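Hi everyone, thanks for coming. Let me put the structure up on the screen, and then we can walk through it together.

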Number of protein chains: 2
Amino acid sequence: MAQDASTWLGVDIGGTNTPFGLMDGAGRLLWQESIPTRRQDRLSELIGRLFDAVDARLATLLPEQRPQAIGIGSPNANALTGRVESPPNVSWGTVDLLGEARRRTNLPLALTNDANAAALGEAAFGAGRGMRHLLVITLGTGLGSGLIVDGKLLHGHSGMAGELGHVIVQPGGRRCGCGRLGCLETLVSAGGVVETAREGLAAGAVSSLREVKELTPKAVTDAAESGDAFAAQVWAETGRVLGRALADSVALLSPQAIVVCGGVARAGRWLFDPLRRQFEESLLPVYLGTVEILPSGLPPDQAGVLGAAEWGRRETLRGAAFEVGR
Amino acid sequence: MAQDASTWLGVDIGGTNTPFGLMDGAGRLLWQESIPTRRQDRLSELIGRLFDAVDARLATLLPEQRPQAIGIGSPNANALTGRVESPPNVSWGTVDLLGEARRRTNLPLALTNDANAAALGEAAFGAGRGMRHLLVITLGTGLGSGLIVDGKLLHGHSGMAGELGHVIVQPGGRRCGCGRLGCLETLVSAGGVVETAREGLAAGAVSSLREVKELTPKAVTDAAESGDAFAAQVWAETGRVLGRALADSVALLSPQAIVVCGGVARAGRWLFDPLRRQFEESLLPVYLGTVEILPSGLPPDQAGVLGAAEWGRRETLRGAAFEVGR
């Protein structure tokens, strides 16, 4: 389909770092680098620094190596408006991201949510390769999700489809960054796991986690690996909550697989074993055997960049890049 | 698009009656009739009686009035396999419905789930006309749902997408026909409303419903209309449970509207007012103003027949009718 020499640039704006890289027609990342995001910056400053770095890099390329388009994934981005709408973990407010970027480049641009970009990366090149129906969730600071329906990224009527982190699983439960109570991401995310551990310790649980300097998902995993039953229990509870929520999402979407990515997924079997058990137990019987839960099929931090580049490629092919957000 | 003289036959297999009718290219129902379903019959007997009635009717038509295809909506039908898979309210087991029908007609055939057919009817000709992203739920004996994504009926990987009635809203709650506990349809359906009323009465609620011969959704509505506070409360509780579940489904799909159809929806404002209130209260703020809850836009009993006929039309146009299930 794509010409051999064609390339696309993908940008994955994150809360801490903003990696970008060049993808070839086979979905290989030719190179990748990163700038710090600096949460306190205005978005226009981030865009300025980003394109300084991008331009410097592109200046080293031969003309035929220059990208066909730039795809950008960003927290709370709306693919239909080109705007970023008040992401909870940075201080941007609502900003016309595509407008800002357009002042710095003549290349076609396409924008989507960061979790959607990761989902497209997994669908095109990762664990969901070749699947027409896919749900991808990213467990990090929050719980992001992206849906592939009939081979295409789903944006929905509002442009903001795929917010599984904000289904309510515990009415009246923990306060969420979105302002409501009991969202899935208050239980299943880096902060959610830490809070579950903290609550258990406060309730008197016996655990080596009392001794750790900083309570993190990795510390909980390390403790579980060392035989700490309470730490294993924290992951088991996290997996059960997620398993039930994923089973409910299958009843709507019936995907072929659910890919679970992100830093929190590095807990491995401590998370995946109870997750899969609860998922199968909660699944409507008619779906048993039609859907599986998979870990990411891409190296850490590549899904977002590759997916953003692929989004740029697809929007260019259908003639929509550059128009988006106008 | 469609030629003026072209027609499509739609069949809506239900638990009690099986209406069928002829749709023209403008989505008008030229005529409709019905045969009893008789739950104790084998499916092949129903198909036999259905095509006896269809053939008798088609024999009265001029050749140019004959349908281009037949679309069938049936409980628990799988569009990808052509089979009906153990519907809970009839005694068919798993049956090759398209295979049975093919023995009786040379016309192209297409099959989908009954709730999907109703969803397509509302999307093409009813309350969701012109919308690219739509969720349609049908409140009757159970809670059926169908999804329109990017203008097309969503069947998902298994062929069985859109089972919102079986998301679990009350873990450990009422026993569902699917064998699990606490499914949405145990609370929000004809049986669910009756059970909620019965539980309240058993707990000592003061209500004129103690005097009714048969406790039905209509009896609860009639009592509410007469000023019975308990009856109004039964609807309010039903609306709240449904409002929360619909808000969660928006976080995945972001439809433009959710159409609420079926006999139970005849409760009107007693259901819709608390439903809409809870829905807006539970909605992730980013979706406020992007999605509305609407009643059916079609006469009772037409959505399923029109939607089935439309499904036959679409599958014929894309060359898939008749191949389905092979």
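**Starting from one serine**

Let's begin at B:Ser249, which sits in helix α6 of chain B; helices (H or I, at least four residues) and strands (E, at least two) are DSSP runs, numbered from the N terminus. Before going further, some housekeeping: this is a predicted model, where local features need pLDDT of at least 70 and side-chain atom pairs count only at pLDDT 80 or more, while totals for chains, interfaces and linings use all residues. Residues are numbered from 1 along each chain as its sequence is written, chains are lettered from A and ligands numbered from 1 in the order in which they are written, and side-chain values use heavy atoms, with hydrogens and water left out.

Is B:Ser249 buried or exposed? At 1% relative accessibility, B:Ser249 counts as buried; buried means under 20% relative accessible area, exposed over 50%, and partly exposed in between, with a 1.4 Å probe and protein chains only. A polar atom of its side chain lies 2.8 Å from the backbone oxygen of B:Leu246. Not counting residues up to four places away in sequence, B:Ser249 touches B:Leu135, B:Leu164, B:Ser254 and B:Ile258, and also A:Leu252 from the other chain. Contact here means heavy atoms within 4.5 Å.

Over in chain A, the contacts of A:Leu246 beyond four places in sequence include A:Leu135, A:Ile258 and A:Phe279.

Now, how do the two chains relate?

How many residues of chain B are in contact with chain A? There are 36, and they meet 36 residues of chain A. Among the chain B residues, B:His157, B:Leu252 and B:Leu284 lose the most area to chain A, together 23% of what that side buries. The area buried between the chains is about 3,000 Å², with carbon and sulfur atoms giving 66%; buried area is the accessible area (1.4 Å probe) that two parts lose on being put together, summed over both.

The count between the chains is 2 salt bridges, a salt bridge being a side-chain nitrogen of Lys or Arg within 4 Å of a carboxyl oxygen of Asp or Glu. A:Lys152 meets B:Asp150 at 2.9 Å, N to O. A:Asp150 pairs with B:Lys152, their closest N and O atoms also being 2.9 Å apart.

Finally, a pair inside one chain: B:Arg313 and B:Glu310 form a salt bridge at 3.0 Å. Both lie in helix α8 of chain B, 3 residues apart, about one turn of the helix. B:Arg313 is buried, at 12% relative accessible area, and B:Glu310 is buried too, at 3%.

Conventions
A polar contact is a pair of N or O atoms within 3.5 Å; within protein, one must be able to donate a hydrogen and the other to accept it, and residues adjacent in sequence count only if both atoms are side-chain atoms.
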